[in-house]
Amino acid sequence: MTTVGVGMVGHAFMGRAHSQAWRSVGPFFGPPLTPVMTALAGRSAERAGAAAAALGWASVETDWKELLRRDDVQLIDICTPGDGHAEIAVAALDAGKHVLCEKPLANTVAEAEAMAAAAGRARERGIRSMVGFNYRRVPAVTLARRLVADGRIGTVRHIRAQYLQDWLADPQAPFTWRMDREKAGSGALGDIASHIVDTAQFITGHTLTGVSATLETFVPERPVPGGGTAPVTVDDAALFIGRTDRGALASFEATRVATGRKNALRIEVSGSSGALSFDLESLNELWFYDGDEDGATAGFRRIVVTEPDHPYTGRWWPPGHVLGYEHTFTHQMADLLTAIAEGTDPSPSFADGLQIQRVLAAVADSAASRRWVDIEGSD
Ligand code: SOE
């Protein structure tokens, strides 16, 4: 088999991002398996039909379960709100379909456990699964991991991570599913703190062992399009500190009300002999401090991550030509397709997604109990 039929569930923001990645991965990466954009599933035939036509999908289903019955679909791509992830992923894996699931893996630890168990069962039959923490695949972030692994900053002591957005700073910003605990599981915590936890652990290779946290909802009620208001049942902001299994201290701030900050995923890692700093708002740059350099001239220097020596970049444009947000999804698809073809485990796995879900649960627990909380399974 040199092609894989993809069935995507959901067609909003993430569905659009994934669609462009499925379209571009073949031409730019030439993976060993070529994806065929076979079917799009959405509840409304009219809206799903329009999305399929616009985004390049060959057919439409109004019930995702139909995708599992189709022989021309071998991979299910889950782009629904969090409350759909577990049911769809477990059913798809049990039906023998590979699965890519958007982050965070689930809305609860129990759901994530069921998903990781299903992934384990499926793996024995050669069926692969991956959770979509796409920022790992920003070339500068992948390069940062490489530099840490190569010992270029020494022993990691500090991780300072922030994910700052401001789209909910205005109290009149309308209520959506992302503000509904039933649909989203949590707010800034699951939506964007999950990204910085993954990015921090990915770059350093460390695992969080415990946290102390606080959560806040600044705007408890928001207008509903069409009239009235709805209660906000999730956090607007999450703030926590943590320790890692290899002795580093970490701090995390995730907020959707950081006025003026649009999509600032920032991470700085301080090691015993150097440091790294990254900001998604300037995603083609990585700042590197080499403490072994001469003291008079040492300082953070900017690496423009666009060169053939850098991860992923050589597949796109000639040296010096920058990439953007959308490319991270294409990189994700390329790595997933390669892993499926080669029979290896794609990363991050559902087990990795479960571990992050446990961190999120520990954060929520710590905020509620006002105590330090150890992360389940971290010892
Ligand atoms: C909204 O907060 C959002 O789109 C997240 O859901 C994404 O995961 C993040 O990449 C950008 O912000």
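Q: By class, how many nonpolar, polar and charged residues does the shell around the ligand have?
A: This is a predicted model, where local features need pLDDT of at least 70, side-chain atom pairs count only at pLDDT 80 or more, and totals for chains, interfaces and linings use all residues. Residue numbers start from 1 along each chain as its sequence is written. Around the ligand you will find Phe 13, Gln 165, Asp 191, Ile 192, His 195 and Asn 263, each with its C-beta atom, placed from the backbone, within 6 Å. Sorted by class (nonpolar: Ala, Val, Leu, Ile, Met, Phe, Trp, Tyr, Cys, Pro; charged: Asp, Glu, Lys, Arg; polar: the others, with Gly among them), the shell has two nonpolar, three polar and one charged.

Q: Which helix gives the largest share of the shell around the ligand?
A: Helices are DSSP runs of H or I with at least four residues, strands are runs of E with at least two, and both are numbered from the N terminus. The largest share of this shell is three residues, and they come from residues 188-204. That stretch is helix H8.

Q: How do the residues of the contact of H8 with H10 divide by class?
A: On the H8 side are Leu 189, Gly 190, Ala 193, Ser 194, Val 197 and Asp 198, and they meet Ile 356, Val 359, Leu 360, Val 363 and Ala 364 of H10 (contact means C-beta atoms, placed from the backbone, within 7 Å). These residues divide into eight nonpolar, two polar and one charged.

Q: Which residues of H8 does H6 meet?
A: Helix H6 (residues 139-149) and H8 have axes that come within 7 Å and cross at roughly 40°, so the two are oblique to each other. From H6, the partners are Val 141, Ala 144, Arg 145 and Val 148. In H8 they meet Thr 199, Phe 202, Ile 203 and Thr 204.

Q: How many charged residues does the contact of H4 with H5 have?
A: Helix H4 (residues 85-94) packs with helix H5 (residues 109-123) at about 15°, the axes being 9 Å apart, which means that H4 is roughly parallel to H5. Ala 86, Ala 89, Val 90, Leu 93 and Asp 94 in H4 meet Glu 111, Ala 114, Met 115, Ala 118, Ala 119 and Ala 122 in H5. By class, this contact has nine nonpolar, no polar and, for charged residues, two.

Q: What is the omega of the cis peptide bond that joins Lys 103 and Pro 104?
A: Most peptide bonds are trans. Pro 104 sits in the loop between strand S5 (98-102) and H5. The bond between Lys 103 and Pro 104 is cis, with an omega of about -15°.

Q: Which residue joins Pro 348 through a cis peptide bond?
A: Look in the loop between helix H9 (325-342) and H10 to find Pro 348. The cis bond has omega near 5° and runs to Pro 348 from Ser 347.

Q: What is phi of Tyr 312?
A: Most residues other than glycine have a negative phi. Tyr 312, in the loop between strand S16 (301-304) and H9, has a positive value. Its phi is near 70°.

Methods:
Contact = placed C-beta atoms within 7 Å. Axes fitted to C-alpha atoms, helices over the stretch in contact; angles between N-to-C directions. Parallel < 35°, antiparallel > 145°, perpendicular 65-115°, else oblique.
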